[in-house]
Amino acid sequence: MEDGEVRGSIAVQEIGFTRLPQTEVQARATGSYDPEGVFPDLVQTVPFDLPHVLDFDIAIKDGATAYVGLLTGLPWETSDFYWPYDAERRSIPGIWLSGKDGQRVRELMASGECEGRIVSDATITEETTHNVVGTLPGASDHWVIVGSHHDGPWASAVEDASGVALVLAQATFWASVPRELRPHNMLFVLTSGHMAGAAGTQAFIAAHPELFPQVVLEMHLEHAARQAEVVDGEVVPTDDPEVRWWFTTQAPQLEQLVAESLAAEDLRRSWILSPTAFAPNPATDGAYFYYTGVPLVQLITTPMYIFDPRDTPDKVDEQSLVPLTKGAARIIAGTAGCEPDTLRVPIQTAADGTE
């Protein structure tokens, strides 16, 4: 959109999902576990139109009266696309239209000058939600944090019921071992408000500034997902895991620990990435922990269906739940003897790794 192009008009834009060759991720990765050798030929569909992710806001700045996103580039028919989820109140209405409806709009526009009207009937309320926090004493005075978020846009079996399950599994495991075998005190946090700009994570961090100088590791576990394909317009899960991103602080000892744990539990299709590989912070609910300076290991997958009601229980990668739990526990156990500064590196502020 050019400056002023949509002033006084409805902004209409076609949206598609991005096809991401894993060779592009490889250029940003610091390590991987790919025993099948699929990464060189694998192309992942991620649920974002990366070049146009904020064009709604550009349309507002340029004076549009409304925004219509045409989901003509999605692999299946849907108008239920939960994006953006930053909880920002925008000054104009916006809607998503499915591919077929979007094509009808395109045909109308191509036939000549046309008018449109959006009727928006919405209620905005302020609600109070809560983080859920639990602790276990350990063998040192320092802390390991294990977190995820407990809200989602729809039923959201992958995002993020599966993440909740992974955190609860860590709590269950570490509660079953003697205190002296827990390398550090442990704090488990399930945050609220992820779908509102990670409000729960930000609130937790703001409320506990005294904690972070004593943190040896912050681990976030999100989205145990099965890769899916679209068959006859339906989103069908496969038997393969979705590509896993492990955002890991670039401390050699920690990167080696993560790599060894992935291999030990055969967590295939895994990339080890720096926290700033794609953006100024990790693309996770735990992103804001990065700015506290604590060492991170944050797992996330980005299957194409996570912002759609098709994120249903059949999409959860059940076969990975136990290996992911064991792998995360290996990483935590591997921090035994570490001090808060052992795995820390300076905070970087750009995707290219510059400070």
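In what follows, Ala, Val, Leu, Ile, Met, Phe, Trp, Tyr, Cys and Pro count as nonpolar, Asp, Glu, Lys and Arg count as charged, and the others, Gly among them, count as polar. With that in hand, we can walk through the model above, which is a predicted one.

Let's start with the open spaces. The largest pocket holds about 1400 Å³ of space. It is lined by 42 residues, and those closest to its centre are Y82, P84, A87, E88 and I124. Which element gives the most to this lining? That is β6, which supplies three residues. Both β6 (94-97) and α5 (199-207) contribute at least two residues each. Sorted by class, the lining of the largest pocket comprises 21 nonpolar, 12 polar and nine charged residues.

The second largest pocket has a volume of about 1100 Å³. Its lining takes in 33 residues, with F48, W83, Y85, A279 and A283 the closest to its centre. Here the classes divide into 21 nonpolar, six polar and six charged residues.

While you have W83 and P84 in view, look at the bond between them. W83 and P84 are joined by a cis peptide bond, with omega at about -5°. P84 sits in the loop between β5 (66-73) and β6.

How many cavities of 30 Å³ or more does the structure hold? There are two cavities of that kind. The largest cavity contains about 130 Å³ of space. Its lining is made of 15 residues, and W83 lies nearest its centre together with I15, H52, V53 and W96. Helix α2 (residues 55-61) gives the most to this lining, with three residues. By class, the residues around the largest cavity are 10 nonpolar, one polar and four charged.

The second largest cavity contains about 40 Å³ of space. You can trace its lining through H223, A224, A225, E242, R244, L299, T301, D317 and L324. Four of these lining residues are nonpolar, two are polar and three are charged.

Two packed helices are described by the angle between their axes and the distance between the axes. Helix α4 (residues 157-175) packs with helix α7 (residues 318-333) at an angle of about 60°, and their axes are 10 Å apart. Why are α4 and α7 called oblique to each other? Angles from 65 to 115 degrees count as roughly perpendicular and those under 35 as roughly parallel, so α4 and α7, at about 60°, are oblique. Their crossing is right-handed. On the α4 side, the contact is made by L166, A169, Q170, F173 and W174, and on the α7 side by L321, L324, T325, A328, A329, I332 and A333. L324 therefore belongs to this contact as well as to the lining of the second largest cavity. By class, the contact of α4 with α7 has 10 nonpolar residues, two polar ones and no charged ones.

The axes of α6 and α7 come within 9 Å and cross at roughly 150°. An angle over 145 degrees counts as roughly antiparallel, which means that α6 is roughly antiparallel to α7. This crossing, too, is right-handed. L257, V258, S261 and A264 of α6 meet G327, R330 and I331 of α7 in the contact. The classes here are four nonpolar, two polar and one charged residue.

Two points of backbone geometry complete the tour. In helix α4, look for D160, which is joined to E159 by a cis peptide bond with omega of about 5°. Phi of D266 is near 55°, a positive value in a residue other than glycine.

Conventions
Residues are numbered from 1 along each chain as its sequence is written. This is a predicted model: local features need pLDDT of at least 70, side-chain atom pairs count only at pLDDT 80 or more; totals for chains, interfaces and linings use all residues. Side-chain values use heavy atoms; hydrogens and water are left out. On a 1 Å grid over the protein atoms alone, a cavity is a set of points where a 1.4 Å probe fits but cannot get out, and a pocket is an open set with protein on both sides within 12 Å along at least five of seven lines; lining residues have an atom within 4 Å of a point. Grid points are joined across faces, edges and corners, and a volume is the space filled by probe spheres set on the points. Helices (H or I, at least four residues) and strands (E, at least two) are DSSP runs, numbered from the N terminus. Axes are lines fitted to C-alpha atoms, for helices over the stretch in contact, and angles run from 0 to 180 degrees between N-to-C directions. A crossing is left-handed if the near helix is turned anticlockwise from the far one by less than a right angle, and right-handed if clockwise. Contact means heavy atoms within 4.5 Å.
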